[in-house]
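Reader: Could you take me through this model? I would like to start with the overall fold and then go into some details.

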Amino acid sequence: MAYLVEDKRKVTTHRLFQMKQEGKKIAMLTAYDYTTAKIVDSAGMDIILVGDSASNVMAGNMTTLPITLDQMIYHAKAVVRATQRALVVCDMPFGTYQVNPTEGVTNAIRIMKESHCDALKLEGGVEIIDTVKKILDAGIPVCGHLGLTPQSINKFGTYTVRAREEAEAEKLVSDAHALEEVGCFAIVLEKIPATLATRVTKELKIPVIGIGAGGACDGQVLVVADMLGMSTDFSPKFLRRYADLNTIMTEAIGNYITDVKSGDFPNENEQY
Ligand code: KIV
(Lines give C-alpha, C1' and ligand atoms only; values in the text may rest on other atoms or scores of the structure.)
Protein backbone atom coordinates (compact mmCIF):
# COMPACT_ATOMS: atom_id res chain seq x y z
CA MET A 1 0.00 0.00 0.00
CA ALA A 2 1.26 3.46 -0.89
CA TYR A 3 0.99 4.82 2.62
CA LEU A 4 2.85 2.12 4.55
CA VAL A 5 6.07 3.41 6.08
CA GLU A 6 8.98 1.14 6.86
CA ASP A 7 10.44 3.28 9.64
CA LYS A 8 8.12 2.92 12.63
CA ARG A 9 10.33 4.94 15.01
CA LYS A 10 8.90 8.11 16.56
CA VAL A 11 9.66 11.07 14.28
CA THR A 12 11.97 13.62 15.88
CA THR A 13 13.10 17.09 14.81
CA HIS A 14 16.53 15.56 14.16
CA ARG A 15 14.97 12.96 11.85
CA LEU A 16 13.19 15.75 9.91
CA PHE A 17 16.53 17.54 9.47
CA GLN A 18 18.04 14.29 8.15
CA MET A 19 15.10 13.85 5.77
CA LYS A 20 15.86 17.25 4.23
CA GLN A 21 19.52 16.35 3.85
CA GLU A 22 18.58 13.03 2.21
CA GLY A 23 16.07 14.72 -0.09
CA LYS A 24 13.14 12.79 1.45
CA LYS A 25 9.87 14.73 1.41
CA ILE A 26 8.02 15.40 4.67
CA ALA A 27 4.26 14.82 4.95
CA MET A 28 2.35 16.94 7.47
CA LEU A 29 -1.41 17.11 8.07
CA THR A 30 -3.62 18.70 10.70
CA ALA A 31 -5.72 16.77 13.22
CA TYR A 32 -7.64 18.04 16.20
CA ASP A 33 -9.25 14.95 17.74
CA TYR A 34 -8.31 11.43 18.88
CA THR A 35 -10.16 9.43 16.22
CA THR A 36 -8.81 11.37 13.25
CA ALA A 37 -5.29 11.57 14.67
CA LYS A 38 -5.21 7.79 15.10
CA ILE A 39 -5.99 7.30 11.41
CA VAL A 40 -3.53 10.01 10.31
CA ASP A 41 -0.74 8.55 12.45
CA SER A 42 -1.41 4.94 11.38
CA ALA A 43 -1.30 6.03 7.75
CA GLY A 44 2.34 7.04 8.26
CA MET A 45 2.24 10.84 8.61
CA ASP A 46 5.55 12.44 9.61
CA ILE A 47 4.10 15.48 11.42
CA ILE A 48 0.61 16.02 12.83
CA LEU A 49 -0.21 19.69 13.29
CA VAL A 50 -2.76 20.59 15.93
CA GLY A 51 -3.46 23.76 14.00
CA ASP A 52 -5.33 26.75 15.29
CA SER A 53 -7.43 26.11 12.16
CA ALA A 54 -9.37 24.08 14.75
CA SER A 55 -11.03 27.45 15.34
CA ASN A 56 -12.55 27.27 11.84
CA VAL A 57 -12.81 23.51 11.32
CA MET A 58 -13.99 22.37 14.76
CA ALA A 59 -15.74 25.46 16.09
CA GLY A 60 -17.03 27.18 12.93
CA ASN A 61 -15.35 30.53 13.60
CA MET A 62 -14.57 32.81 10.65
CA THR A 63 -10.93 33.19 11.71
CA THR A 64 -8.31 31.47 13.87
CA LEU A 65 -8.29 34.36 16.35
CA PRO A 66 -10.95 33.25 18.87
CA ILE A 67 -9.46 29.87 19.82
CA THR A 68 -8.07 29.88 23.36
CA LEU A 69 -5.02 28.36 25.01
CA ASP A 70 -7.25 25.93 26.96
CA GLN A 71 -9.00 24.85 23.77
CA MET A 72 -5.69 24.26 21.94
CA ILE A 73 -4.43 22.21 24.90
CA TYR A 74 -7.65 20.15 24.83
CA HIS A 75 -7.18 19.36 21.11
CA ALA A 76 -3.45 18.68 21.47
CA LYS A 77 -4.03 16.26 24.38
CA ALA A 78 -6.48 14.24 22.30
CA VAL A 79 -4.08 14.10 19.33
CA VAL A 80 -1.10 13.13 21.49
CA ARG A 81 -3.12 10.27 23.05
CA ALA A 82 -3.74 8.87 19.57
CA THR A 83 -0.25 9.29 18.15
CA GLN A 84 2.63 6.84 18.25
CA ARG A 85 4.91 7.76 15.34
CA ALA A 86 4.28 11.30 14.09
CA LEU A 87 5.85 14.38 15.62
CA VAL A 88 2.98 16.36 17.16
CA VAL A 89 3.24 20.13 16.70
CA CYS A 90 0.73 22.44 18.40
CA ASP A 91 -0.02 25.99 17.26
CA MET A 92 0.31 28.70 19.89
CA PRO A 93 -3.00 30.55 19.57
CA PHE A 94 -3.38 34.25 18.87
CA GLY A 95 -2.63 36.45 21.87
CA THR A 96 -0.58 33.90 23.80
CA TYR A 97 2.89 34.91 22.55
CA GLN A 98 2.62 38.38 21.00
CA VAL A 99 2.60 40.44 24.23
CA ASN A 100 6.15 39.74 25.45
CA PRO A 101 8.70 36.89 25.61
CA THR A 102 8.00 36.08 29.27
CA GLU A 103 4.29 35.61 28.67
CA GLY A 104 5.12 33.66 25.49
CA VAL A 105 7.42 31.21 27.24
CA THR A 106 4.99 30.81 30.15
CA ASN A 107 2.19 29.84 27.76
CA ALA A 108 4.53 27.64 25.70
CA ILE A 109 5.55 25.71 28.83
CA ARG A 110 1.89 25.28 29.76
CA ILE A 111 1.06 23.73 26.38
CA MET A 112 4.04 21.36 26.60
CA LYS A 113 3.36 20.32 30.22
CA GLU A 114 -0.37 19.77 29.81
CA SER A 115 -0.63 18.35 26.29
CA HIS A 116 2.66 16.41 26.05
CA CYS A 117 3.02 17.50 22.42
CA ASP A 118 6.49 17.51 20.85
CA ALA A 119 6.85 21.06 19.50
CA LEU A 120 5.09 24.38 18.97
CA LYS A 121 4.40 26.57 15.93
CA LEU A 122 4.32 30.38 16.04
CA GLU A 123 3.40 32.83 13.28
CA GLY A 124 5.77 35.68 12.45
CA GLY A 125 9.38 36.66 11.83
CA VAL A 126 11.70 39.21 13.45
CA GLU A 127 8.80 40.77 15.39
CA ILE A 128 8.59 37.66 17.58
CA ILE A 129 12.22 36.53 17.44
CA ASP A 130 12.97 37.29 21.13
CA THR A 131 9.96 35.20 22.15
CA VAL A 132 10.97 32.36 19.82
CA LYS A 133 14.47 32.45 21.32
CA LYS A 134 13.15 32.34 24.88
CA ILE A 135 10.90 29.38 24.06
CA LEU A 136 13.82 27.58 22.40
CA ASP A 137 16.00 28.41 25.43
CA ALA A 138 13.41 26.60 27.56
CA GLY A 139 14.10 23.47 25.52
CA ILE A 140 10.97 23.60 23.41
CA PRO A 141 11.33 22.95 19.65
CA VAL A 142 9.75 25.70 17.55
CA CYS A 143 8.45 25.67 13.97
CA GLY A 144 8.14 29.10 12.31
CA HIS A 145 5.27 30.16 10.05
CA LEU A 146 5.69 32.87 7.39
CA GLY A 147 3.82 34.16 4.35
CA LEU A 148 0.08 34.14 4.89
CA THR A 149 -0.20 34.11 8.65
CA PRO A 150 -3.92 33.77 9.42
CA GLN A 151 -3.62 35.24 12.93
CA SER A 152 -2.83 38.58 11.19
CA ILE A 153 -5.84 38.47 8.87
CA ASN A 154 -7.21 41.72 10.30
CA LYS A 155 -3.95 43.47 9.35
CA PHE A 156 -3.80 41.92 5.85
CA GLY A 157 -7.54 42.27 5.19
CA THR A 158 -7.46 39.36 2.73
CA TYR A 159 -6.36 35.70 2.41
CA THR A 160 -4.73 36.36 -0.96
CA VAL A 161 -1.19 35.24 -1.95
CA ARG A 162 1.50 37.00 0.12
CA ALA A 163 4.98 38.31 -0.75
CA ARG A 164 4.41 38.93 -4.46
CA GLU A 165 6.08 42.34 -4.09
CA GLU A 166 9.87 42.46 -3.76
CA ALA A 167 9.99 44.24 -0.40
CA GLU A 168 7.68 41.71 1.25
CA ALA A 169 9.54 38.83 -0.41
CA GLU A 170 12.91 40.10 0.87
CA LYS A 171 11.50 40.52 4.37
CA LEU A 172 10.19 36.95 4.25
CA VAL A 173 13.62 35.64 3.22
CA SER A 174 15.37 37.51 6.05
CA ASP A 175 12.67 36.39 8.53
CA ALA A 176 13.25 32.77 7.45
CA HIS A 177 17.00 33.15 8.00
CA ALA A 178 16.42 34.77 11.39
CA LEU A 179 14.17 31.90 12.48
CA GLU A 180 16.75 29.35 11.33
CA GLU A 181 19.63 31.20 13.04
CA VAL A 182 17.80 31.40 16.35
CA GLY A 183 17.21 27.60 16.25
CA CYS A 184 13.80 26.77 14.76
CA PHE A 185 13.63 23.16 13.54
CA ALA A 186 11.38 23.92 10.54
CA ILE A 187 9.36 26.65 8.87
CA VAL A 188 5.90 26.59 7.32
CA LEU A 189 5.46 28.84 4.28
CA GLU A 190 1.82 29.57 3.50
CA LYS A 191 0.43 30.86 0.20
CA ILE A 192 3.45 32.53 -1.38
CA PRO A 193 4.80 32.35 -4.96
CA ALA A 194 6.46 29.00 -5.72
CA THR A 195 9.65 30.74 -6.91
CA LEU A 196 10.07 32.46 -3.54
CA ALA A 197 9.42 29.22 -1.63
CA THR A 198 12.00 27.48 -3.84
CA ARG A 199 14.57 30.13 -2.94
CA VAL A 200 13.89 29.85 0.80
CA THR A 201 13.97 26.04 0.64
CA LYS A 202 17.36 26.15 -1.09
CA GLU A 203 18.84 28.77 1.24
CA LEU A 204 17.78 27.15 4.53
CA LYS A 205 19.27 24.03 6.08
CA ILE A 206 16.13 23.33 8.14
CA PRO A 207 13.04 21.78 6.49
CA VAL A 208 10.60 24.12 4.77
CA ILE A 209 7.00 22.86 4.71
CA GLY A 210 4.69 24.49 2.19
CA ILE A 211 0.96 25.05 1.93
CA GLY A 212 0.15 26.76 -1.33
CA ALA A 213 3.88 27.39 -1.81
CA GLY A 214 4.67 24.99 -4.67
CA GLY A 215 6.35 21.64 -5.03
CA ALA A 216 9.97 22.54 -4.29
CA CYS A 217 9.45 22.75 -0.51
CA ASP A 218 10.86 19.95 1.63
CA GLY A 219 7.36 18.93 2.63
CA GLN A 220 3.68 19.79 2.39
CA VAL A 221 0.92 20.46 4.90
CA LEU A 222 -2.84 20.55 4.40
CA VAL A 223 -5.88 20.84 6.64
CA VAL A 224 -7.34 17.35 7.06
CA ALA A 225 -10.99 18.31 6.59
CA ASP A 226 -10.12 20.12 3.35
CA MET A 227 -8.08 17.33 1.74
CA LEU A 228 -10.70 14.72 2.72
CA GLY A 229 -13.41 16.82 1.09
CA MET A 230 -15.51 17.25 4.24
CA SER A 231 -15.99 20.94 3.57
CA THR A 232 -17.31 22.11 0.21
CA ASP A 233 -17.09 25.87 0.67
CA PHE A 234 -13.27 26.20 0.64
CA SER A 235 -11.55 25.54 -2.70
CA PRO A 236 -8.23 27.38 -3.02
CA LYS A 237 -6.08 26.54 -6.05
CA PHE A 238 -3.48 24.74 -3.91
CA LEU A 239 -5.95 22.28 -2.39
CA ARG A 240 -6.03 18.74 -3.74
CA ARG A 241 -9.03 16.72 -2.51
CA TYR A 242 -8.17 13.07 -1.89
CA ALA A 243 -11.71 12.00 -1.02
CA ASP A 244 -15.27 13.27 -1.12
CA LEU A 245 -16.22 12.58 2.49
CA ASN A 246 -18.95 15.18 2.34
CA THR A 247 -20.89 13.04 -0.17
CA ILE A 248 -19.97 9.75 1.54
CA MET A 249 -21.03 11.00 4.99
CA THR A 250 -24.20 12.68 3.75
CA GLU A 251 -25.28 9.47 1.99
CA ALA A 252 -24.45 7.28 5.00
CA ILE A 253 -26.27 9.59 7.41
CA GLY A 254 -29.23 9.82 5.03
CA ASN A 255 -29.40 6.00 4.88
CA TYR A 256 -29.35 5.82 8.68
CA ILE A 257 -32.23 8.32 8.91
CA THR A 258 -34.22 6.31 6.36
CA ASP A 259 -33.58 3.03 8.23
CA VAL A 260 -34.55 4.50 11.62
CA LYS A 261 -37.72 6.04 10.27
CA SER A 262 -38.74 2.90 8.39
CA GLY A 263 -38.07 0.69 11.42
CA ASP A 264 -35.42 -1.27 9.49
CA PHE A 265 -32.74 -0.35 12.07
CA PRO A 266 -32.09 -2.06 14.42
CA ASN A 267 -32.95 -5.58 13.22
CA GLU A 268 -33.02 -8.73 15.41
CA ASN A 269 -29.21 -9.18 15.04
CA GLU A 270 -28.59 -5.66 16.26
CA GLN A 271 -30.29 -6.01 19.63
CA TYR A 272 -29.81 -7.89 22.93
O1 KIV B 1 -3.61 26.05 11.63
C2 KIV B 1 -3.28 25.46 10.60
O3 KIV B 1 -3.96 24.55 10.10
C4 KIV B 1 -2.03 25.86 9.95
C5 KIV B 1 -1.73 25.27 8.62
C6 KIV B 1 -2.58 25.88 7.58
C7 KIV B 1 -0.29 25.36 8.29
O8 KIV B 1 -1.30 26.64 10.48
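Author: What follows covers the strands, some individual residues, the salt bridges and a surface patch. Please note that this is a predicted model.

Reader: How many strands form the barrel, and in what order do they run?

Author: The barrel has eight strands and is closed, with the order 1-2-3-4-5-6-7-8 and parallel pairing. From one strand to the next, the twist averages 25°.

Reader: Let us look at strand 6. How many bridges join strand 5 to strand 6?

Author: Five bridges join them, and the two strands, residues 142-147 and residues 186-190, run parallel. Within this pairing, Gly-144 has Ile-187 of strand 6 as its bridge partner.

Reader: And strand 7, how many bridges there?

Author: Strand 7, residues 208-211, pairs with strand 6 over four bridges, also in the parallel sense. Here Leu-189 stands opposite Gly-210.

Reader: Which residues of strand 6 lie on each side?

Author: Ala-186, Val-188 and Glu-190 are on one side, while Ile-187 and Leu-189 are on the other, and all of them are buried. Because five of its five residues are buried, strand 6 is largely enclosed by the rest of the structure.

Reader: Which helix lies across strand 5 and strand 6?

Author: That is helix 8, residues 166-182, which runs at about 175° to strand 5. The loop between helix 7 and helix 8 holds Arg-162.

Reader: Is Arg-162 buried or exposed?

Author: Arg-162 is buried, as its relative accessible area is 13%, and the cut-off for buried is under 20%. Beyond its neighbours within four places in sequence, Arg-162 is in contact with Gly-147, Leu-148, Phe-156, Glu-168, Lys-191, Ile-192 and Pro-193.

Reader: Changing topic: where is Asp-118, and what does it touch?

Author: Asp-118 is in the loop between helix 5 and strand 4, and it is partly exposed at 23% relative accessibility. Not counting residues up to four places away in sequence, Asp-118 touches Lys-10, Ala-86, Leu-87, Val-88, Met-112 and Pro-141. The C-alpha atoms of Asp-118 and Ile-47 are separated by 9.9 Å, although these residues are 71 residues apart along the chain.

Reader: On to charges. How many salt bridges are there?

Author: The count comes to 14 salt bridges. One of them is between Lys-20 and Asp-218, at 2.8 Å from N to O. Lys-20 lies in helix 1 and Asp-218 in the loop between strand 7 and strand 8, so this pair ties together parts that are 198 residues apart in sequence. Both Lys-20 and Asp-218 are buried.

Reader: What about Asp-46 and Arg-85?

Author: Asp-46 and Arg-85 form a salt bridge with their closest N and O atoms 3.5 Å apart. Asp-46 is in the loop between helix 2 and strand 2 and Arg-85 in the loop between helix 4 and strand 3, so the pair ties together parts 39 residues apart in sequence. Both residues, Asp-46 and Arg-85, are buried.

Reader: And Arg-110 with Glu-114, how far apart are they in helix 5?

Author: Arg-110 and Glu-114 are separated by about one helical turn, because they are four residues apart in helix 5. Their closest N and O atoms are 2.8 Å apart in a salt bridge. Arg-110 is partly exposed at 29%, and Glu-114 is partly exposed at 33%.

Reader: Lastly, which residues form the nonpolar patch on the surface?

Author: The patch is formed by Met-230, Met-249, Ile-253, Tyr-256, Ile-257, Val-260 and Phe-265, with about 620 Å² of accessible area together. Ile-257 lies in helix 11, residues 245-262, and is partly exposed at 40% relative accessibility.

Key:
Residues numbered from 1 in each chain as written. Predicted model: local features only at pLDDT ≥ 70, side-chain atom pairs only at ≥ 80, totals over all residues. Heavy atoms only, no water. Patch = residues over 30% accessible without salt bridge, like charges linked within 9 Å, V, L, I, M, F, W, Y side chains within 5 Å. Areas by Shrake-Rupley, 256 points an atom, 1.4 Å probe, with all protein chains shown as cover. Salt bridge = Lys/Arg side-chain N within 4 Å of Asp/Glu carboxyl O. Buried < 20%, exposed > 50% of the residue type's maximum accessible area, 1.4 Å probe, protein only. Pairing = 2+ DSSP bridges. Axes fitted to C-alpha atoms, helices over the stretch in contact; angles between N-to-C directions. Contact = heavy atoms within 4.5 Å.
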